[in-house]
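Please take a look at the protein below. The report that follows goes through its salt bridges, one of its helices and its pockets.

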Amino acid sequence: MALAQYKNDPTIKGVKDTIRVAVTNVDDELIPWIGLPEIIIVDTRIFKTPLEKAKFNRLRYNVLKVMPYAMFARQRYAILQTDLAKAKNKRDQRILVKAFEGEIKTMFEREIKNLTITQGGILIKLIDRETGNSSYDLVKEMKGGITAFFYQSVARIFGNNLKNKYDPQEDRDIEAIIQSSGYYMYNL
């Protein structure tokens with residue numbers, strides 16, 4: 001018997017014929033819907049001059065170089081905040097902050113010292129992007145106001161500002177580089 005002889009009956013469902021979807025009740029009528037992930041469509045960037053393209057490529061290099069440090073800072077800062085919340089007194093909090101500072105210094109001392117001034121400025125903005133606090137606020141919270149003032153003074157001598165905030169609109173080139181390079185999306 002050939003398979004074409006069987007009539008296709010739409011009322012008979014097989015085991016895998018059902019797609020489960022969410023429904024919304026609108027005026028006593030059930031409307032099925034499926035949530036889809038956000039899709040971002042980007043066009044290839046066209047540069048006006050070769051100098052502009054070289055400048056963008058340099059920015060891309062700098063952002064990709066410092067982004068792992070900013071992401072590590074976010075992860076480690078979140079852990080530190082939970083540990084500080086569990087600490088019983090100020091002494092325990094100081095011990096946790098010193099351990100955090102020592103860990104950061106041992107892991108990244110050589111790499112951070114070798115960053116250029118431009119990469120340092122980008123790192124300051126990315127730390128604000130990742131943690132939600134400026135670098136100045138982080139230093140002030142962990143080390144105190146005098147140390148934060150000293151670090152800010154040194155940063156200003158080299159042309160940076162620890163109080164810089166990350167603005168996705170103002171820093172749209174940096175944001176575009178992060179999004180196109182496979183790092184996650186920025187959520188406000």
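Which residue forms a salt bridge with Lys-125, and how far apart are the closest N and O atoms? The partner is Glu-170, and the closest N and O atoms are 3.8 Å apart.

## Overall build

This is a predicted model. The protein has six helices and two strands. Read from the N terminus, the order of elements is β-β-α-α-α-α-α-α.

The protein has 188 residues, and 27% of them count as buried. Take the contacts in the protein with a separation of 6 or more: residues 24 or more positions apart account for 65% of them.

Lys-125 counts as buried, at 16% relative accessibility; the cut-off for buried is under 20%.

A second salt bridge joins the side chains of Asp-128 and Lys-165, again with 3.8 Å from N to O. This pair also links distant parts of the chain: Asp-128 is in helix α3, Lys-165 is in the loop between α5 and α6, and 37 residues separate them. Asp-128 is buried, with a relative accessible area of 7%. Lys-165 counts as partly exposed, at 46% relative accessibility.

Asp-171 belongs to the loop between α5 and α6 as well. Is Asp-171 buried or exposed? Asp-171 counts as buried, because its relative accessibility is 8%. Setting aside neighbours within four places in sequence, Asp-171 is in contact with Lys-125, Lys-165 and Tyr-166. Lys-125 is the salt-bridge partner of Glu-170, and Lys-165 is the partner of Asp-128.

## A salt-bridge network

How many salt bridges does the structure hold? The structure holds eight. One of them pairs Arg-129 with Glu-130, with the closest N and O atoms 2.7 Å apart. Both Arg-129 and Glu-130 are buried. Salt bridges with shared partners connect Arg-74, Arg-129, Glu-130 and Glu-175 into one network.

## Helix α6

Glu-175 from that network is also one of the buried residues of helix α6, which spans residues 172-180. An α-helix has 3.6 residues a turn, so residues three or four places apart point the same way.

On the other side of α6, Arg-172 and Ser-180 are exposed. The cover over the buried residues of α6 includes α1 (50-86) and α3 (117-131). Just after α6, Gly-182 takes a positive phi of about 100°.

## The largest pocket

The largest pocket has a volume of about 1400 Å³. Its lining counts 32 residues. Nearest the centre lie Ile-104, Ile-112, Leu-123, Val-139 and Tyr-151.

Which helix supplies the largest share of this lining? That helix is α2, with nine residues. At least two residues each come from α1, α2 (90-113), α3, α4 (135-143) and α5 (145-157). By type, the lining of the largest pocket divides into 23 nonpolar, four polar and five charged residues.

## The second largest pocket

The second largest pocket holds about 470 Å³ of space. It is lined by 16 residues, and the closest to its centre are Val-42, Asp-43, Ala-176, Ile-177 and Ser-180. The elements that give two or more residues to this lining are α1 and α6.

Helix α6 gives the most, with seven residues. The lining of the second largest pocket divides into seven nonpolar, three polar and six charged residues.

Key: Residues are numbered from 1 along each chain as its sequence is written. This is a predicted model: local features need pLDDT of at least 70, side-chain atom pairs count only at pLDDT 80 or more; totals for chains, interfaces and linings use all residues. Side-chain values use heavy atoms; hydrogens and water are left out. Buried means under 20% relative accessible area, exposed over 50%, partly exposed in between (1.4 Å probe, protein chains only). Helices (H or I, at least four residues) and strands (E, at least two) are DSSP runs, numbered from the N terminus. Contact means heavy atoms within 4.5 Å. On a 1 Å grid over the protein atoms alone, a cavity is a set of points where a 1.4 Å probe fits but cannot get out, and a pocket is an open set with protein on both sides within 12 Å along at least five of seven lines; lining residues have an atom within 4 Å of a point. Grid points are joined across faces, edges and corners, and a volume is the space filled by probe spheres set on the points. Ala, Val, Leu, Ile, Met, Phe, Trp, Tyr, Cys and Pro count as nonpolar, Asp, Glu, Lys and Arg as charged, and the others, Gly among them, as polar. A salt bridge is a side-chain nitrogen of Lys or Arg within 4 Å of a carboxyl oxygen of Asp or Glu.
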